[in-house]
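Biologist: Could you walk me through this model, starting with how it was made and how its parts are numbered?

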Amino acid sequence: MEKTNKMTKGYVAGIIANLVFVEVDGPVQQNEICYIDLEGTKLMAEVIKINGTQAYVQVFESTRGLKVNHTVEFTGHMLEVTLGPGILSKNYDGLQNDLDKMDGVFLKRGEHTNPLEDDKKWEFKPLAKAGDVLEAGGWLGEVKENWMPHKIMVPFKFEGKYTVKSVVEAGEYTILDNIAVVTDEKGKDIDLTMTQKWPVKLAIKAYKEKPRPFKMLETGVRVIDTLNPIAEGGTGFIPGPFGTGKTVLQHALAKQAEADLIIVAACGERANEVVEIFAEFPELDDPRTGRKLMERTTIIANTSNMPVAAREASVYTAMTLGEYYRAMGLKVLLLADSTSRWAQALREMSNRMEELPGQDAFPMDLPAIISNFYSRAGFTYLNNDATGSITFIGTVSPAGGNLKEPVTESTKKAARCFYALSQDRADSKRYPAIDPLDSYSKYAEYPELEEYFRANIDPEWPEKIQLARDILIRSREVAEQINILGDDGVPVEYHDRFWKGEIIDFVILQQDAFDKIDCSASLERQKYMLNWVLDIYHTKFSYESFEDVGSYFKKMINIMRQMNYAIFESDDFKGGEKELNSLIEERKTA
Amino acid sequence: METKAFQKIYTKLTQVTKATCSLKATGIGYEEMAIVHGRLAQVVKIIGDNVTLQIFSGTEGIPTNAEVVFLGRPPVLKVGEELSGRFFDAYGDPIDGRPAIEGEERQIGGPSVNPVRRKQPSEFIPTGIAGIDLNNALVTGQKIPFFADPDQPYNQVMANVALRAEADKIILGGMGLTNDDYLYYKNVFENAGALDRIISFVNTTENPPVERILVPDMALTAAEYFAVDKHQKVLVLLTDMTLYADALSIVSNRMDQIPSKDSMPGSLYSDLAKIYEKAVQFPDGGSITIIAVTTLSGGDITHAIPDNTGYITEGQLFLRKDTDIGKVIVDPFRSLSRLKQLVIGEKTRSDHPQVMNAAIRLYADAANAKTKQENGFDLTDYDERSLKFAKEYSNKLLAIDVNIEVDQMLDTTWGLFNEHFEPAEVGIKKEFVDQYWPKED
Ligand SMILES: Nc1ncnc2c1ncn2[C@@H]1O[C@H](COP(=O)(O)OP(=O)(O)OP(=O)(O)O)[C@@H](O)[C@H]1O
Ligand SMILES: [Mg+2]
């Protein structure tokens, strides 16, 4: 990553949309960043192929008006992000430009803004002292960023061991002030500030170990936590046809999940959805800390109308910021909506370069690119034995809603949780439309997590979950039979069996993301309600005819939904429970 | 069309294909406009001194010694207040027999709005059509298409919506519009006395298809002028976006690009998103709302055009003929306005969201009952009641000829609940039932 002495220059030799051919006069590296000078406007571009003295670069901005012979300057480094305090609560584009610092209503090409504030003072507190030996990612000190302890670290690019020579004393410093001097193994002193850079396409590996995830990450979404739990440091993805609720679900996770901080990559999706976050998150409280949600959230907005090539960069930028905070010992939740748009950006470029296409004209190496990206998430033990994690959940937008397409299939191999949104459920407004039976969490089968459930939720939890699944499966099976044979062509027990599944569907699976109370359920509450529906399952009722069954269960469902809308254990909640008890007494036989 | 005296004239084409021609030229900017043999063209590829131009009206009859003049600029539109009430072709040249307008030249297909400069859409657009206002409320700054079969009356519904929407400007972008439909719009707007609020960019079936590619950008450049410079509420109607996408595929296929699904260009998603994402609400009151039409073939929404559209727009409206009542309705199952929750229950009565959901759920029960009935099974009492409910609901609310206020839509629905169901079957929060369930007296 050392810079070459003399910067390579070049000139434009050809243009096809945002693919530009550049004749170069010196060495260039794959993925190197260069700037094309369009009559004073500097267009940022990345080298994606090199052939003799020609570099193929993808330009991150519109190439309108670009001419052959315009000059190009290479920078000697890959696409990098700037790391340091001040990232939280920012709205960046895919290349980490601070969108709030840009002038005017419209984005101007060639405008690059500082991702951090050079003159802001931070309250610094040293953590290391002279004589300490640290590696890349070692903690030198700490500042409070919003309310988060933000660690100042030995730069990730440093290799080997460094001895701390001095750290400044507690006080106010800017990110450009020197805060420490470290000595490398050859005895050379190096001044350090609070900021560093890192190339986004490379994973930050400043940790000791990446164990299998063993803890659950609570999300407040019942169909996830109860039936398909995700682990802290785990990976998951949400495929679904358009309009089935991918974004609503991701926003719910961003609001409720018990993470220290949230990074949202809006990758090639709607600008209004990002604006929704801008508008709501500064107002909403984080239930765990009482702080505003925006204080723990960073947004990477590269919406569908923003430059296509920067879409790909945006997910890497988001992941790199996540890795930075993970190295501070924090619990990061990274969300990307939609990874299909990133894959499409790769496809557009690969087609322009006339590469041999794979399935559906996507590049051949798409599966490798996706799995490589997902592998950057994870739970880690840092070198100082603290823990930090990145839990990553991406959405996938399958063409035609058909899951047999390259992006879904490649992602299925890479991610451990599969939250399939079903068109049928969405059509019948059974939100969130996660299909309870097609979806899975591989973590639920990990012995580490099973143990965790028994110890932290309920000693019988895994069995109860299995039972709930079985009930749903049986309910679905009898529903088909009732459809074929008719309501009165089957025994009354079939109706009972069908509705015992429906009650799980309506009370546990379905959840109103737009209701202040129902939107998020604590684990305790989830356990409480699951016990209720399982109790009902175990209860025998008497019916005169099959017609009784549906209307009786609808009454129960109605009461329990009201309970879901009430504050847990409030008077309304308990009132509902009383009503439910007496309703059950009406028909209970055993 | 302008040419300037000092401009160099080229007269030697090196290649002519169905959609493009190439020549040797230097100092040419990417996406620059040119005139080839009197036809407008745009630079799509430059390799060294080899420049390839796409000719919008096609290359039929272009000779190798055709005159080529580069205009030194990308496609532009002259904007100003005088746009109001005017009709233009895809190039922004008048087709209403009146002189070209004087105004500021703006590049079309310009940059995107910085997302942090947007405001969350929050202004309800009442249309009087309950299938829209009650179940799929529209909001300024939204983008939403009608997914309709070609024989459905989408142009009529769109014209109604446009006139009732209380927009400061209505901009019609017609692509592959039949001459009859074009005249229909013109008449409706004229009869409503709204012509001074309307601006039209029209490519009819009589014009070359590839020209259509310019229409959305023309319409939206005009829209941005009024929304940004004049802080106006602008409604843009784009019909038919399927024909726009077809034109894109013609171009990309003729340029030998690798097609992706349904022989559409791999960039279809980005191409459509660039258009639809021009919909925006600004903090100072200006807004652009886009209502489009995407015609389906055989109702297939998995085709690449409606599919990519669905992933971009904020919902979609489906029209369907309800044979039970013999009217066209807004299909409550497949239609969806994604932004409705920003206004319903906030800008409308607080029972709106729950009433809407409950009615649709009951309508779904009726659909199940109907299937049962068709399969020859006996119906329960509940089935019978839901079927009766569905018919009235369809007739009094979903039909496109409905034109009432939102409160009236809600009251009508409560009335139907009361007529056919018990409160427990409807499953609405108790506080609303207490307040709105019609009292027997
Ligand atoms: N949990 C939920 N509760 C209530 N309504 C929901 C829920 N999830 C989704 N919806 C409804 O579905 C609509 C579409 O959801 P969403 O925008 O999340 O879909 P999407 O899968 O992200 O679609 P696209 O692929 O087009 O982006 C929402 O606007 C909302 O009306
Ligand atoms: Mg979405």
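Predicted model: local features only at pLDDT ≥ 70, side-chain atom pairs only at ≥ 80, totals over all residues.

Biologist: Helices, then. At what angle do the axes of α9 and α10 of chain B cross?
Modeller: Helix α9(B), residues 381–398, and helix α10(B), residues 406–420, have axes that come within 10 Å and cross at roughly 160 degrees. Helices (H or I, at least four residues) and strands (E, at least two) are DSSP runs, numbered from the N terminus. The axes are lines fitted to C-alpha atoms, for helices over the stretch in contact, and angles run from 0 to 180 degrees between N-to-C directions.

Biologist: Parallel or antiparallel, roughly?
Modeller: The two helices α9(B) and α10(B) are therefore roughly antiparallel to each other; angles under 35 degrees count as roughly parallel, over 145 as roughly antiparallel, 65 to 115 as roughly perpendicular and the rest as oblique. Their crossing is right-handed, which is the word used if the near helix is turned clockwise from the far one by less than a right angle, with left-handed used if anticlockwise.

Biologist: And which residues of α9(B) and α10(B) meet?
Modeller: On the α9(B) side they include B:R385, B:F389 and B:Y393, and on the α10(B) side they include B:M409, B:L416 and B:F417, where contact means heavy atoms within 4.5 Å. Sorted by class, this contact of α9(B) with α10(B) has 6 nonpolar, 3 polar and 5 charged residues. Ala, Val, Leu, Ile, Met, Phe, Trp, Tyr, Cys and Pro count as nonpolar, Asp, Glu, Lys and Arg as charged, and the others, Gly among them, as polar.

Biologist: How does α8 of chain B pack with α10(B)?
Modeller: Helix α8(B), residues 352–374, packs with α10(B) at an angle of about 45 degrees, and their axes are 10 Å apart. These helices, α8(B) and α10(B), are therefore oblique to each other, and α8(B) passes α10(B) in a left-handed crossing. The contact takes in B:V355 and B:L362 of α8(B) as well as B:L410 and B:W414 of α10(B), among others, and by class it has 8 nonpolar, 2 polar and no charged residues.

Biologist: What about α6 and α7 of chain B, how far apart are their axes?
Modeller: The axes of helix α6(B), residues 268–276, and helix α7(B), residues 304–312, lie 9 Å apart, and the helices pack at an angle of about 50 degrees. That angle makes α6(B) oblique to α7(B), and the crossing of the two is right-handed. Among the residues making the contact are B:L272 and B:Y276 of α6(B) and B:I305 and B:I312 of α7(B), and the contact residues divide into 9 nonpolar, 2 polar and no charged.

Biologist: Switching to sheets: in what order do β10, β13, β15 and β16 of chain A come?
Modeller: These 4 strands form an open sheet in the order β10-β13-β15-β16 with antiparallel pairing; two strands pair if DSSP finds at least two bridges between them. The edge strands, each pairing on one side only, are β10 (133–134) and β16 (189–192) of chain A.

Biologist: How many bridges join β13(A) and β15?
Modeller: Strand β13(A) and strand β15 (residues 180–183) of chain A pair over 4 bridges, and in β15(A) the bridge partner of A:V164 is A:V182.

Biologist: Last topic: where is A:S338 found?
Modeller: Residue A:S338 is in the loop between β21 (331–337) and α5 (339–352) of chain A, and the peptide bond from A:D337 to A:S338 is cis, with omega near 5 degrees. In chain B, a cis peptide bond joins B:T239 and B:D240, with omega about 10 degrees, and B:D240 lies in the loop between β16 (233–239) and α5 (241–254).

Conventions
Residues numbered from 1 in each chain as written. Chains lettered and ligands numbered in written order. Heavy atoms only, no water.
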